[in-house]
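Please work through the following exercises with the structure open beside you, and try each task before reading its solution.

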4 protein chains.
Amino acid sequence: MKRIIGVIGSSAVDRNAYDTAYEVGKLIAEAGATLICGGLSGVMEAVCKGAGEGGGTAIGILPGSRIEEANRYVDIPVATGLGHGRNLVIINTASAIVAISGRYGTLSEIAFALQSGKPVFGLGTWDIDGVIPCRTPKEAVDKALEDIKSRH
Amino acid sequence: MKRIIGVIGSSAVDRNAYDTAYEVGKLIAEAGATLICGGLSGVMEAVCKGAGEGGGTAIGILPGSRIEEANRYVDIPVATGLGHGRNLVIINTASAIVAISGRYGTLSEIAFALQSGKPVFGLGTWDIDGVIPCRTPKEAVDKALEDIKSRH
Amino acid sequence: MKRIIGVIGSSAVDRNAYDTAYEVGKLIAEAGATLICGGLSGVMEAVCKGAGEGGGTAIGILPGSRIEEANRYVDIPVATGLGHGRNLVIINTASAIVAISGRYGTLSEIAFALQSGKPVFGLGTWDIDGVIPCRTPKEAVDKALEDIKSRH
Amino acid sequence: MKRIIGVIGSSAVDRNAYDTAYEVGKLIAEAGATLICGGLSGVMEAVCKGAGEGGGTAIGILPGSRIEEANRYVDIPVATGLGHGRNLVIINTASAIVAISGRYGTLSEIAFALQSGKPVFGLGTWDIDGVIPCRTPKEAVDKALEDIKSRH
């Protein structure tokens with residue numbers, strides 16, 4: 001059974017969101033799960049960095065058509081050439097989602113995840129009906145892993 | 001100058017949302033603008049029907065790979081084969097968006113529109129920061145047309 | 001029944017291919033069918049121009065995310081944001097394909113059309129098993145229309 | 001530097017093509033490169049199986065929206081929801097392509113690769129201008145690796 005957790009959030013972040021994302025990535029990796037994200041900067045870079053330091057694998061689903069645009073912590077870059085459409089690939093592939101901070105792009109992904117029946121665990125993100133708010137990276141990752149386990 | 005207005009909303013609707021969508025489609029057509037939507041049932045069917053009766057053109061951007069899945073009021077069916085990804089095609093093509101009722105799919109489109117800098121006029125839909133709430137189909141269509149005019 | 005004919009070919013063409021494409025567009029329009037193409041320059045521009053002068057409608061399926069990139073003869077621009085992936089939208093939507101001249105991009109579309117079971121009528125294009133070679137624009141358009149009629 | 005080699009070919013194959021694909025996958029893995037393919041059956045299954053037995057990583061870019069459709073030798077499944085459009089993701093991500101046998105789907109991918117300036121090494125596949133024909137899996141993989149090395 002593949003356990004792939006998607007992490008979504010903005011490319012422009014403050015220190016706090018960056019640290020939160022780093023911690024989420026590290027916890028995903030330490031649990032032996034695989035990370036999937038958008039592969040660029042901000043939340044995406046932090047979570048990949050954390051996954052690497054936790055000994056895990058980071059998949060980066062890129063908007064452009066060149067793998068060189070991936071941040072340097074991505075292990076598996078995938079160049080979609082789809083622009084924002086690449087967000088759907090992240091949601092389709094992940095079994096559960098952790099949303100960190102974010103603006104409209106993150107909201108669009110949250111909504112698509114909920115439409116697809118994927119659980120979304122939130123850390124300082126949009127307060128939308130259906131998102132499960134969490135207080136710490138550990139709570140979000142633990143709940144995501146429990147949710148995946150309960151459905152397989 | 002092309003004036004293309006996107007209308008988004010659920011495939012499952014009550015009588016009230018259906019009538020609202022029909023009226024929106026009719027007003028878009030009577031103003032000489034072009035309608036673009038998802039081409040299926042519910043809000044999509046109603047707005048195409050209205051556009052047709054107003055003497056206009058309805059473009060239906062379909063999720064599947066066969067034009068036969070379009071509702072019968074679509075004039076220009078486009079079979080994308082992209083699934084939910086077709087929503088981005090609607091937003092990219094429209095100059096302004098009217099959102100009617102809707103659940104997570106509509107929220108995902110609203111968020112993507114706001115991320116893309118397209119104005120969103122709402123009729124009984126998600127109350128998200130950035131959406132301009134309107135009370136009547138006429139208010140929504142008038143504001144959408146004014147907005148397009150002011151930017152060209 | 002919608003009769004939509006896709007025309008594919010390069011953006012960089014010589015005078016001969018341009019004139020051929022223009023004639024194909026005019027014949028499609030005069031037969032009352034709808035044209036779909038990639039909406040840019042070269043073969044795409046010529047065929048849209050022909051369709052307009054024949055009194056028909058030209059749909060342009062664009063690679064980028066802005067309708068402004070369409071050539072000026074496109075009536076219905078659709079901004080996909082998919083890059084080359086927009087070629088599949090053209091093939092999925094058309095009932096028959098006319099291929100004019102072209103390089104690898106055209107070959108990729110021809111192959112995808114044949115894979116999808118859509119007939120391809122060729123004018124000075126790739127000599128691939130499955131493509132029906134034609135000598136004149138009239139032969140290609142007549143055969144495309146006959147083929148659509150025979151299958152509906 | 002990431003060395004990612006794309007392998008394309010049909011889902012329906014004879015014994016010979018299956019064995020060729022298996023050998024290609026094994027050689028890619030033994031060279032320390034990463035495999036990317038369509039993740040389904042036939043050539044895709046064989047090449048993933050070979051990559052696994054060679055100690056490498058197999059990325060499967062799937063047409064549907066569920067990772068469960070991947071063959072059991074895929075290490076990193078990516079569910080695109082794009083249908084045939086997923087082929088472009090394979091080509092965009094790979095630095096070089098090995099094409100094995102195949103019908104129109106493979107031809108479409110070969111043409112898109114050549115259009116994108118990616119080298120294509122062929123094993124019993126379409127004889128298209130631009131494809132470099134090879135006699136053995138070893139010749140194809142060696143040439144693909146040399147080509148990647150020469151361009152970085």
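This is a predicted model: local features need pLDDT of at least 70, side-chain atom pairs count only at pLDDT 80 or more; totals for chains, interfaces and linings use all residues.

**Exercise 1.** Describe the interface of chain A and chain D, and state how many salt bridges the rule finds across it.

*Solution.* Begin with the extent of the contact, which takes 21 residues from chain A and 21 residues from chain D, and which buries about 1,600 Å² between the two chains, 64% of it on carbon and sulfur atoms. Then turn to the side of chain A that touches chain D, where strand 3 (58-62), strand 4 (76-79) and helix 3 (86-93) of chain A each supply at least two residues, with the largest share, 4 residues, coming from strand 4 of chain A. Finally, sort the residues of that side by type, which gives 11 nonpolar, 7 polar and 3 charged.

**Exercise 2.** Locate the salt bridge between Arg15(D) and Asp19(D), and decide whether each partner is buried, partly exposed or exposed.

*Solution.* First check the distance: the closest N and O atoms of Arg15(D) and Asp19(D) are 3.0 Å apart, within the 4 Å cut-off for a salt bridge. Then consider the helix, since both residues belong to helix 1 (residues 15-30) of chain D and, being 4 residues apart, are separated by about one helical turn. Lastly, Arg15(D) has a relative accessible area of 59% and is therefore exposed, whereas Asp19(D), at 36%, is partly exposed.

Methods: Residues are numbered from 1 along each chain as its sequence is written. Chains are lettered from A and ligands numbered from 1 in the order in which they are written. Side-chain values use heavy atoms; hydrogens and water are left out. Contact means heavy atoms within 4.5 Å. Buried area is the accessible area (1.4 Å probe) that two parts lose on being put together, summed over both. A salt bridge is a side-chain nitrogen of Lys or Arg within 4 Å of a carboxyl oxygen of Asp or Glu. Ala, Val, Leu, Ile, Met, Phe, Trp, Tyr, Cys and Pro count as nonpolar, Asp, Glu, Lys and Arg as charged, and the others, Gly among them, as polar. Buried means under 20% relative accessible area, exposed over 50%, partly exposed in between (1.4 Å probe, protein chains only).
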